[in-house]
Amino acid sequence: MKKSSQLRWWILALVVLAVIAFFALGFGRYLSLDMIRSEQGRLQDWRQAHPLVAALGFMGIYIAVTGLSLPGATVLTLAAGAVFGLGWGTLLASFSASIGATLAFLLARFVLRDWVREKFASRLEAIDAGLKKDGAFYLFTLRLVPAIPFFLINLAMGLTGIGVVTFYGVSQIGMLAGTLVYVNAGTQLAQIRSLSDVASPSLILSLVLLGVLPLIVKKLLDILRARKALRRWKKPASFERNLVVIGAGSAGLVTSYIAAAVKASVTLIERERPGGDCLYTGCVPSKALIHSARLMHEIRNADAAGIRNAQGEVDFAAVMERLQRVITEIEPHDSPERYRSLGVDVVQGEARLLSPWEVEITARDGTQRRITSRAIVIATGAHPVVPKIQGIEATGYYTSDTLWELRVLPRRLLVLGGGAIGCELSQAFARLGAEVTVVEASDRLLSREDDAVCELVQKRFEAEGIRLLLCHTAERFEREASTDDVAARSEESGEQVLVARHKDAEVRIGFDALLVAVGRKARLEGYGLEGLGIKSGKTIDADAFLQTTIPTIYAAGDVVGPYQFTHTASHEAWYAAVNALFAPFKRFKVDYRVIPAAIFIDPEVARVGLNEREAMEKKTPYELTCYDIAELDRAIADDARRGFVRVLTVPGKDTILGATIVGTHAADLLAEYVLAMKHGIGLKKILGTIHTYPTMSEANKSAAGVWRNAHKPARLLRLVERFHRWRLG
């Protein structure tokens, strides 16, 4: 057992013993109203004779009572008035109460918080998120409501993430009003027959209203800010739509679908084709390309499976045509006709925001019309970043948006960028027969992943003939004339070259086609953000409800971030739709706690939650459990041994902080960890779940088994061993 855990148990034991002693020895009788009243004269005399000792003694008793959450704080507050008077009594009781409350707060945090967070992690994360923003308001309200026992507030707040300084400061101010009332009553102690004489219903109601006041003020300030943001424009007397959605990618389509499902009047505006990047230039075409590339790779390596003389020839044009057929087959899922059948008014054209309630639509034929809406959702997505490198425009390049125009396989493909998109497409083109060179400025591919992941991927790429130029910074693009018949050749017919910097050396890299894959950025231009004054940086600024700085306008998907995944865009769309349609009556904060991600290379890389690199950066304590997929029966049978499962857990607990899987179908295997983290399921329950044999999914159970073996109850096993020896006779 770790020292911190032992210390927690010792402190808890001491607190329990102190509470038991308090009741067993009858100390409670000294903190009664009758006792204080009967001893008031003697206490006043002693206080006059020993003022400092009396004050310190009173504070010590008060702090001990509140710190241990014992009954009697109210009587002590009355005693402060009776013995020390209104001024000094208020001062002593106020500081004692706040110090004692903070002590109880710290005890709960140190002794109980880890255990509670393990059991109720998902709920506490949501509470912590709310307290991080408005915790002072909530605590202040609770402190002003005497109907809620203060000791419960102290203990409950200790289990949350609210800061100690904030807790003490707000408690000091928030309890002052109630303390003043009780101390003042204590100056007239002879007239008090019971505590109900002090806390009358009218007084309690007054304090409750006083406590709610900060929240009311906050709400009024929000309303005033909203009105200030909207005052430049005249609000329409009526609206044509409940919701207008700009952009028909994943976020826009799901937003529109939800709005129509709840019978709202919704218009969806798309300047090109519904489906967005995912359908036409992202997820769908790239996975279709990867499929063809994987088949070619398996044919080349069929000997390993006992298949002799397997042959295949890449018809790149046919590969790309198949890709288009896949898009065509999926296209009806996102088509205008389907969404119109669901009740969505789908309009093709350019959208421009004219006011917080009005959008101008310019159709392809140039005609324009305006439409008013009570709320608007921006879902314009993102587009590839093209760095400003000398000569790049003259050289010509492809991005993940334009690559699909190719019908001839480049002999030499240069890929600028070693992130997820760059890696997926590099491996696919290499397997289809191109000579691929990856230029990456950092010292690794997939720089956000753990060292073990990067090392495995890089070795795999090099084994497949992909040339990796890490720590190379692109400086400029040039075109070199050929050495053969230089005079007869034009400058445009020469070899294209990237000049890169590696340490202090200049490196020249020839290529036939260039793919730029250095990231994507939000689409912020061209639809009127600037005119409305909607704040943006790299993405649109939006709050936890996806509301922009204009209260009637929301944003979802890649345009707002913080994750650029299709599934995250769909996830945000629900919140954007519901909040836009039902605010201010009901709103929901976006839940980003469990976001999965996958990179579809071979072997696949899939992750949810923290990896080891991020845990170290955030200084999050963790325990790492690893399982090598090479040991899995199905992986051996399928010759899919490359990969592993890495799970981060709370030290000494089976609570999952994150999981990374590298291997065949890793993205599918990750779903079990996504479900577990979402619903607070630990590794013990994964271990106790039957997994079909033989499948790759057993890797998750095996990883849980590795964790269990590292945490086996050694003492209990020794006792069981003795039991079995005893039974032998």
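A residue is called buried when its relative accessible area is under 20%, exposed when it is over 50%, and partly exposed in between, with a 1.4 Å probe and protein chains only. By this definition, 43% of the 729 residues of the protein chain count as buried. The model is predicted: local features need pLDDT of at least 70, side-chain atom pairs count only at pLDDT 80 or more, and totals for chains, interfaces and linings use all residues. Residues are numbered from 1 along each chain as its sequence is written, and side-chain values use heavy atoms, with hydrogens and water left out.

The protein chain holds 28 helices and 21 strands. Both are DSSP runs numbered from the N terminus, helices being H or I with at least four residues and strands E with at least two. A contact means heavy atoms within 4.5 Å. Among the contacts in the protein chain with a separation of 6 or more, 67% are between residues 24 or more positions apart.

Strands of a sheet pair through backbone hydrogen bonds, either parallel or antiparallel. Here, two strands pair if DSSP finds at least two bridges between them. Strand β11 is joined by 8 bridges to β12 (residues 495-502), and His472 stands opposite His502 in β12.

**Two packed helices**

Axes are lines fitted to C-alpha atoms, for helices over the stretch in contact, and angles run from 0 to 180 degrees between N-to-C directions. Helix α3 (residues 40-49) packs against helix α4 (residues 51-67) at an angle of about 120°, and their axes are 5 Å apart. This makes α3 oblique to α4, since angles under 35 degrees count as roughly parallel, over 145 as roughly antiparallel, 65 to 115 as roughly perpendicular and the rest as oblique. Trp46, Arg47, Gln48 and Ala49 in α3 meet Pro51, Val53 and Ala54 in α4.

**Cysteines**

A disulfide is a pair of cysteine sulfur atoms within 2.5 Å. A search of the whole structure finds 0 disulfides. The sulfur of Cys454 has that of Cys423 as its closest cysteine sulfur, too far away for a bond. Two cysteines are listed below.

| Cysteine | Relative accessibility | Class |
|---|---|---|
| Cys423 | 1% | buried |
| Cys454 | 3% | buried |
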